[in-house]
Amino acid sequence: MRSETAPAIRLEDYQPPAYRIDKVYLDILLDPAATRVTATLTVAGQDDTSVGTPLVLDGDELKLTALKLNGAALSEDAFEASPERLEIMKPPATPFDLTIETEINPEANTKLMGLYRSSGTFCTQCEAEGFRRITYFLDRPDVLAVYTTRLEAPRTSCPILLANGNLIEAGDVSERDRHFAIWHDPHPKPAYLFALVAGDLAKVPDEFVTVSGKQVELNIFVEHGKEDLCGWAMDSLKRSMRWDEEVYGLEYDLNVFNIVAVSDFNMGAMENKGLNIFNDKYVLADPETATDQDYANIEAVIAHEYFHNWTGNRITCRDWFQLCLKEGLTVFRDQEFSSDMRSRPVKRIADVRLLKSHQFPEDAGPLAHPVRPRVYHEINNFYTATVYEKGAEVVRMLKTVLGDEKFHAGLDLYFKRHDGEATTIEAFLKCFEDAAATDLSQFALWYEQAGTPVVSVKTRHDPEEQTFTVSLSQEIPPVPSQKTSKPAVIPLRFGLIGPNGDDIAVASHAGAEISGDVLLLDKARQEVTFNNIPTPPVLSLLRGFSAPVRLDQQLGSEDLLFLASKDNDPFNRWQAVQSLAMQDLVRLTARIRQEETCVPTEDVIEVFGAVLSDPSLDAALRAQALTLPSEADIAQEIGKNVDPDAILKARRMLREAIARSHAPALLPFVTDFASKGDYSPDAENSGKRALSNRALHYLAMSGREDAAQIVWDWFATADNMTDRLAALTLLVHDDMKQKEAALAHYRNRHETSTLAMDKWFMTQATAPGDKTLQKVQDLMNDPLYDASNPNRVRSLLQSFATGNPTQFARTDGQGFELIAEAVLQLDKRNPQVASRLLTSFRSWRALDPQRSALAETALMKISSCEELSRDSRDIVDRTLQ
Ligand code: TRP
Ligand code: ZN
């Protein structure tokens, strides 16, 4: 026995709705266990063909308590209601008002979708299909309505009452302690952008004057006592607002912009119109509890949600297949914002690292899907790295292919042509075709085809003809759900580097379209010949990672060493260092597996030393280059028959060799780059801290007698979380003797900060070594563990499953079992969190036979559960298929 798979929803079946809902008036009497929602919908048939069509509204676990049509109660045989749907059999032909009263229980809502409570605060999450858990509705993104929301609650427990749009009225309700607020949002929007918040929260106010001189009130609402943690988020918000005006000409469009931080949230944050709701980890920060990475994430997520106001809210998606229309574009925009605020190359490296570590494995495994999927069973499972991160890469490629000017002309046209609409990828691309007078039909394949293309490269220099020939081919490896694939348009940014390190100006070439430094590969095979090249150059290809592809260039270590020191593209310099390390790590892993003795190559060790002390590279870039590929990255490169233990050994071997060779040089980098004193999270200061902590990471394994002492001192004297956590991680992951003392010390210091304690759980869950499994089990029984808090679950279990490859894939199967059991438990409470955890099995077929058999057993156990949620059923089915 097993639960049924939900029916497939297909893009090709899209039909516009038969009815419009132009206006929504919500009257909500808030109560923890029995909230009464009265929704008055102004409904009209879309056109003549709607006449006589039943009106079918979506619901989810709803209880209907009253129903009226144009003010009169409907007779029992005129409608049919269940928790999942409300059907009005014969609606009038003329526009009518439908008044629906439902009663809901926010306190019992453990899925955190719809209206729920987080630490006593009422809040909502409606994307993708949560609004139907509040009232019956046409809960689809192409139904756009103007919302007015009246909230009523006791003044003492709920002094703050918020909804979308502008506040138009507030006051006392005659009886007892109650008060109300009425919010009106003039911009038509789909139901997934509806939000309300009510509770006893502190308000951090500010303001922003838009480019046209409009005054906007800004507020961040947080739990009392956390006001001082909002400064960075507010600063990021104001910089985002200014940037969107300056770079895109986009201005804010309401009188007020509210942000609320809540501690129980399924995802990162949500762009509800005028009322963004955030996971508090993307709002709250001070140097004592947040790392530099946290600061950078807050800046990016605040920007992301703010940018959705245009790319997502003013222009929304016709259906959920078009999710990348808002997400890919908005991620691209937040990446560009962060690049402008910080170092562009460092940001690019960080984004590519994320893409390769999250999206590439997704695209190479059973959960692979196109950026715009054609079929889904549960939309919540499509908020993926492919839709978000690869979706952003596709927008970036569009910019590369068209050039900045035409790209911006296309976007301007998009905002003009589709403002106020729910639209599609086709309509988006059409704007660029029209603005640039070009044909993007082949480019559109990036939205259609799953799988990461592999670009293979061979070069040949002919000294007689003085030509340099580059042979290119592209291929998408087999994807389970995809029979064939066609050649994509792949923009390859490149340079031909001469012996002195300068790029050679290419005067004449044949075989491909080249504009500026971008070569367009648009056929399965292409041969490009450059003329007048007397001496053999080194080809630096895919500069800036100009396309989301795997490059098979087979550069020898001599060329890689040359690129690592000479390439004037900082991204490819970084890439060359990484490739050198990766080649060696793969070789070492194979040797270790065969139980052969082996040592790392001198090349890699030397290059790391050179990077460490290269003054021409800024500190952040050096820190990135000195970070070895992760265990998961190495596993991905190996691709099949993966043995995580051998990978861990190889990685430690290389780290130790680098550390020992450069031992005398390391300490000054730790201390000289430390930014003691006034903390600032900006690019320069965080870059310095990154380099000093990277040096410390090697120093810990350098063989110095005082290494452990230095790490401990670093931990004990740190005046910021970045340094403290870096040292704690070394103490715990390198199993140093002071590790228990450090964990106790940290806990004592941060016990009252949930966000700081998440890091404490995560550090322990990701420690290599076979004692970690027991540790994780113990921590699940720690009084601070809370299975109802998604951040806490992620910090312990998700980080174990994704950040601890050897222990998750233990050869006794206990790592898989632990996670499988946790998925089954969590699934009853919060399907979204459970199914996300379940995706950590996605690369199971790449493991060695013993481990993959154990993973399959764990997956089968989940699959055989009779009461699996639709979310987890979908993931387990696809993972096993
Ligand atoms: N639209 C949100 C964003 O990317 C994502 C999101 C937040 C979400 N909460 C969610 C998606 C819950 C699905 C379910 O900014
Ligand atoms: Zn988003």
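A polar contact is a pair of N or O atoms within 3.5 Å; within protein, one must be able to donate a hydrogen and the other to accept it, and residues adjacent in sequence count only if both atoms are side-chain atoms. This is a predicted model, where local features need pLDDT of at least 70 and side-chain atom pairs count only at pLDDT 80 or more. Residues are numbered from 1 along each chain as its sequence is written.

Q: What is the distance from an oxygen atom of ligand 1 to an N or O atom in the side chain of glutamate 305?
A: Let's start with nitrogen: one such atom of ligand 1 has a polar side-chain atom of glutamate 127 at 2.5 Å. A nitrogen atom of the ligand also sits 2.7 Å from an N or O atom in the glutamate 271 side chain. For the ligand oxygen and glutamate 305, the distance is 2.8 Å.

Q: How much of the area that ligand 1 exposes when taken alone does the protein bury?
A: Areas here come from the Shrake-Rupley method with a 1.4 Å probe. Taken alone, ligand 1 exposes 370 Å². Of that, the protein buries 97%.

Terms used
Chains are lettered from A and ligands numbered from 1 in the order in which they are written. Side-chain values use heavy atoms; hydrogens and water are left out.
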